[in-house]
Amino acid sequence: MRSSGKSTPVRLRDVVGDGWGVTLRGLDLTIECLAGWHPLIRQFAADAGRLLAAHPGTWLEFRQVKQKFGGLRIYFETQAPDDVAAAILARKDAIQQASFFKCEVCGSHGTTVSKDPARARAVSTRCEEHEDGRIFYWGQGMEYSPVATARFRRKTT
Ligand SMILES: [Zn+2]
């Protein structure tokens with residue numbers, strides 16, 4: 001799967017599904033990462049939903065789900081009791097850490113690569129097939145930008 005041109009925006013609810021009631025909120029936000037990490041996001045939602053279900057009335061609201069510095073980042077707020085919130089945070093940390101070993105494009109084993117360490121946007125986690133000497137630029141609307149690629153290439157060679 002090569003990405004070029006605009007990618008279709010994916011909403012969080014498209015990945016984690018409906019049926020969370022008021023437990024998981026903020027599902028209309030747009031996910032700013034590729035499909036290889038969707039299973040990790042689903043896993044986090046399932047874990048958080050299960051932890052919250054044991055405490056009726058508690059909820060978690062997603063603020064942002066994105067790629068940053070080559071890893072998955074999940075931001076949320078919760079009013080769950082401290083011990084429940086700590087358990088959810090621990091799950092989040094584990095899942096974010098796992099993303100550094102999964103190709104963001106396809107989900108198979110990946111490594112975090114950078115063509116230009118000075119630029120966080122040039123860092124990505126990819127398998128060998130999808131790394132392909134490319135630099136992925138996370139501009140507005142997650143558009144793959146050949147212009148940015150050319151610019152980064154000139155700078156690094
Ligand atoms: Zn891949």
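**Note on the predicted model**

1. Overall make-up. The protein has five helices and seven strands. This is a predicted model. Read from the N terminus, the order of elements is β-α-β-β-α-β-β-α-β-β-α-α.

2. Burial and contacts. The protein has 157 residues, and 29% of them count as buried. Take the contacts between residues at least 6 apart in sequence: 56% of these join residues at least 24 apart.

3. The sheet. Three strands form an open sheet in the order E2-E4-E5, and the pairing is mixed. Strands E2 (24-25) and E5 (71-78) are the edges. Each has a single partner strand, so one side of each lacks a neighbour in the sheet.

4. The E2 link. E2 and strand E4 (residues 60-68) run parallel and are joined by two bridges. Leu24 has Leu60 of E4 as its bridge partner. Helix H3 (residues 82-99) also packs on the sheet, where it touches E4 and E5. The direction of H3 makes about 165° with that of E5.

5. The core. The largest nonpolar core holds 25 residues. Ile41, Phe44, Ala48 and Val65 have the most contacts inside it. At least two core residues come from each of helix H1 (12-16), helix H2 (38-53), E4, E5 and H3. H2 gives the largest share, seven residues.

6. A residue to look at: Phe44. Which residues does Phe44 contact, leaving aside its neighbours within four places in sequence? They are Ile74, Arg91, Lys92 and Ile95. Phe44 is also among the residues with the most contacts inside the largest nonpolar core.

7. Helix H3, length. H3 has 18 residues. From its first C-alpha to its last it reaches 26 Å, close to the 26 Å expected at 1.5 Å a residue.

8. Helix H3, buried side. Ile88, Ile95 and Ser99 are the buried residues of H3. Why do they lie on the same side of H3? They cover an arc of only 55° around the axis, which puts them there. Their cover includes H2, E4, E5 and strand E7 (123-126). Ile95 is also one of the contacts of Phe44.

9. Helix H3, opposite face. Turned away from the buried side is a face with the exposed residues Asp82, Asp83, Ala86, Ala90, Asp93 and Gln97.

10. Where to start. Begin with H3 on the sheet, where it touches E4 and E5. Then turn to H2, the source of the largest share of the core.

Notes
Residues numbered from 1 in each chain as written. Predicted model: local features only at pLDDT ≥ 70, side-chain atom pairs only at ≥ 80, totals over all residues. Pairing = 2+ DSSP bridges. Helix = DSSP H or I, 4+ residues; strand = E, 2+ residues; numbered from the N terminus. Contact = placed C-beta atoms within 7 Å. Axes fitted to C-alpha atoms, helices over the stretch in contact; angles between N-to-C directions. Core = buried A, V, L, I, M, F, W, Y, C linked by C-beta atoms within 7 Å. Buried ≥ 20, exposed ≤ 12 C-beta atoms within 10 Å, placed from the backbone. Expected span 1.5 Å × (residues − 1). Arc of directions from axis to C-beta.
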